[in-house]
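Dear colleague,

Please find the structure handed over below.

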Amino acid sequence: MKVQEIFQTMEYGPAPESNKESIEFLDSHKRKFGLFINGKWVKPESNEYFESINPSTKEKLAEIAEANVKDVDQAVKAAGKALKSWVEIGGHGRARYMYALARQIQKHARLFAVLESMDNGKPIRETRDIDIPLVARHFYHHAGWAQLMDTEMKDYKEIGVIGQIIPWNFPLLMLSWKIAPSLAMGNTVILKPAEFTSLTALLFADICKQIGLPTGVVNVVTGHGDTGAAIVNHPDVKKIAFTGSTEVGKIIRKATAGSGKKISLELGGKSPFIVFEDADLDSVVEGVVDAIWFNQGQVCCAGSRLLVQESIAEKLYKKIRVRMETLRIGNSLDKTIDIGAIVAPVQLKVIEDLVQKGIDEGNTIWQPTLVCPTDGYFYPPTLFTDVAPSSSIAQEEIFGPVLVGMSFRSHGEAVKLANNTRYGLAASIWTENINLALDVAPQIKAGTVWINCTNVFDAASGFGGYRESGFGREGGKEGLYEYVKHTSDSEFRDSPKKIKTTEPPSSNGSSKSLPKIDKTPKLFIGGKQARPDGGNSMAVLDTFGNQISEVPKGNRKDIRNAVEAAHSCTAWGSLTGHAKAQVLYYIAENLSARSAEFVTRIMQQTNQSQTDAEKEVATSIERIYTYAAWADKYDGNVHHTIQRNITIAMPEKVGVMAIICPEELPLLGLISTVIPALAMGNSLIVVPSEKSPLSATDLYQILETSDVPGGAVNIVTGHKDELCKELAKHDDVDGLWYFGSAQGSKDVELLSADNLKRTWVSYGKYRDWYDKSQSEGREFLRHAIEIKNIWVPYGE
Ligand code: NDP
């Protein structure tokens, strides 16, 4: 092209980034990669390899080993062997290695960036300026957490060997999100990259060798879904950290049910991008580019649903179309392009099919005039407008460069539309009115909310979803808890502590006094005492088998009524911490006033001595005080993220939670589990001890007189495990705690997989409810909240 022509068209010329070092790296491995196990490159047992393709050119880059069950077993053994010394080297020792990893990544930043672009198809500008700097940042940040573990995480210890399965959209970044916190907290790792994008993980393995990371601490096994499944199912892998599709996330939840494996799932999304009429529309347009055309829209938190206030909708769509015409699409190594290639033909097909579905459903489609290159897998930026909220393209994750626009009139409608999804990963809000932004942010059900920005990430901030976007957080201090276990976990017993019993005085039936007035315990739903739907009761026996009372036998319908009542109770969740604390103190006050009655009830049910029963009531009152104290003190955080932002980590209630109480200690077991969840603002469905439910049915009288709003606590007595199954299956229950048998725990994890409830189960282990280190405090509060990170532009 002549200079004169360039001035006429003002077209960019090609500006290819050199791939020389990447080719040298591939050649140094003869373009054939083995598995990285125990610090060595080894051949796969099956001797099978698959190809890694450059999606911009369809050219073959290398052959990658396919790991099978035996290879995975070798890797797990290597990680297991490395564990002891990795823990013993201590936080400072690990910090040194992690600092070296961060430095080495920075030293080879361009190689990583180019290789990632070639393997994944994403623009070099993104890998160079976003992915790789963030990878280094993750290792630096977590080197710091390794250093601080002894003081800042002193009640926690490593989990052991961790299996990590990552997707193809941010291959090295996802590796760093998973490996950095694992290593910092003293765990060893076996990582499986996605089949399409293994190369930077293999280069990372080389880097581990270069810095002399002890062998076996990091193992990389490549392969397909079967390799991932072999990691998930290996008995010596103690935790699975997964990022990928919601579908596979559910498979993993089911596969690990009851095994005691900890899991964190970072899954899909359909994130709203909400534009109010007073927003700066030119900034919004650039925000849209970052939200949906960053990484070709193959981003779990992509702002793929554009919700725009009706008064400015047409104006904004027009501006977006003008901007779309200027987007450049092409080879990922061209420094002037905005949109690269789609990772693989199968993904391209998914996008094409969903777009066709959108057209068939009558939505209005618009694409710019740009021509996609034909030598790779490309898809043009696409805008749908006037989309119905129920349309499949408004509900399904397209995972491509496709923006779906719809309008709203009022702020309330914006919130409703935003939350009209099974996902809850992220949202962004655009307005010049900070009051409006901060009013809307807490109402959106999503783990991250960006205000006047989008798709910004940092190692100091937690990232993760609500609802079917998965559970657990990655990044920040909140992310560390996914990679540790509480030190008291190892003290749990296989059977409950034996309690001393005394036989009740026998009655020969010769008493001449009048019979006692019958006391009929009921269910407690929506703040009212309720008869069970089925009209059945069940006997309550003492420990010697004597019948002492009867309680309602709750059924599925009672559970549904209780869940509905919990959902309708908005009064409790919206109280301030101070107001909640007052109600909790009031419960303690009323319990204290009636403590003699509760002591008698405990003695009657459990045949404990009076002294022991008095201790149980006194400890229960003290425990309520503890959580009343916490109600206004379980603070969030302000993270020091690297961008021009403050990031506010807000603890929010989980929502509607079911608490299946322990069998032992009918009052203390219930108080220890119900009150922390209540203190954090959740509305509850409580299934009390099946054997000894009378302390719970007495307690509702205290709740009624302690200003607890109707529906905040609902109590359903009956067969614990049957009721629990109904709660686990119920789509409107957001969280479930289960304290009971190993089988019951497994059922909970299995049955709750379909809506990916947050579950916390005891796996048939027993706590000492009198021991504060096992049964009180932050560990309970942490399970009763979700953390939402709200990014607010701030500073210079
Ligand atoms: P998957 O969830 O299938 O893959 C993610 C990772 O899990 C990959 O390493 C994959 O291996 C592995 N895997 C697949 N099946 C199993 C299994 N049964 N047990 C254990 N591991 C398994 O996502 P895809 O890559 O197939 O993408 C499909 C869709 O998922 C996309 O269209 C998109 O909607 C969504 N997605 C979401 C992401 C996110 O960040 N939330 C990221 C990527 C995809 P392998 O690659 O070999 O199949």
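How many nonpolar, polar and charged residues does the shell around the ligand have? The shell has 12 nonpolar, 10 polar and four charged residues; here Ala, Val, Leu, Ile, Met, Phe, Trp, Tyr, Cys and Pro count as nonpolar, Asp, Glu, Lys and Arg as charged, and the others, Gly among them, as polar.

Please note that this is a predicted model, in which local features need pLDDT of at least 70 and side-chain atom pairs count only at pLDDT 80 or more, while totals for chains, interfaces and linings use all residues. Residues are numbered from 1 along each chain as its sequence is written, and side-chain values use heavy atoms, with hydrogens and water left out.

The ligand site

Around the ligand there are 26 residues, of which I166, W168, S245, L267 and E397 come nearest (a residue is near if one of its heavy atoms lies within 4 Å of the molecule).

- The side chain of S245 places an N or O atom 2.6 Å from an oxygen atom of the ligand.
- At G244, a backbone N or O atom is 3.3 Å from a nitrogen atom of the ligand.
- For N169, a polar side-chain atom lies 3.4 Å from a ligand oxygen atom.

The protein buries 85% of the 850 Å² that the ligand exposes when taken alone (accessible areas by the Shrake-Rupley method with a 1.4 Å probe). Helices (H or I, at least four residues) and strands (E, at least two) are DSSP runs, numbered from the N terminus.

The helix pairs

Helix α4 (residues 90–107) packs against helix α6 (residues 124–152) with axes 7 Å apart and an angle of about 170°. Axes are lines fitted to C-alpha atoms over the stretch in contact, and angles run from 0 to 180 degrees between N-to-C directions. The two helices are therefore roughly antiparallel (angles over 145 degrees). Their contact (heavy atoms within 4.5 Å) comprises 14 nonpolar, five polar and two charged residues.

The axes of α21 (residues 610–630) and α22 (residues 668–679) come within 9 Å and cross at roughly 10°, so these helices are roughly parallel (angles under 35 degrees). Among the residues in contact are R623 and Y627 of α21 and I671 and I675 of α22. By class, this contact divides into seven nonpolar, three polar and two charged residues.

Yours sincerely

Technical notes
A polar contact is a pair of N or O atoms within 3.5 Å; within protein, one must be able to donate a hydrogen and the other to accept it, and residues adjacent in sequence count only if both atoms are side-chain atoms. Angles under 35 degrees count as roughly parallel, over 145 as roughly antiparallel, 65 to 115 as roughly perpendicular and the rest as oblique.
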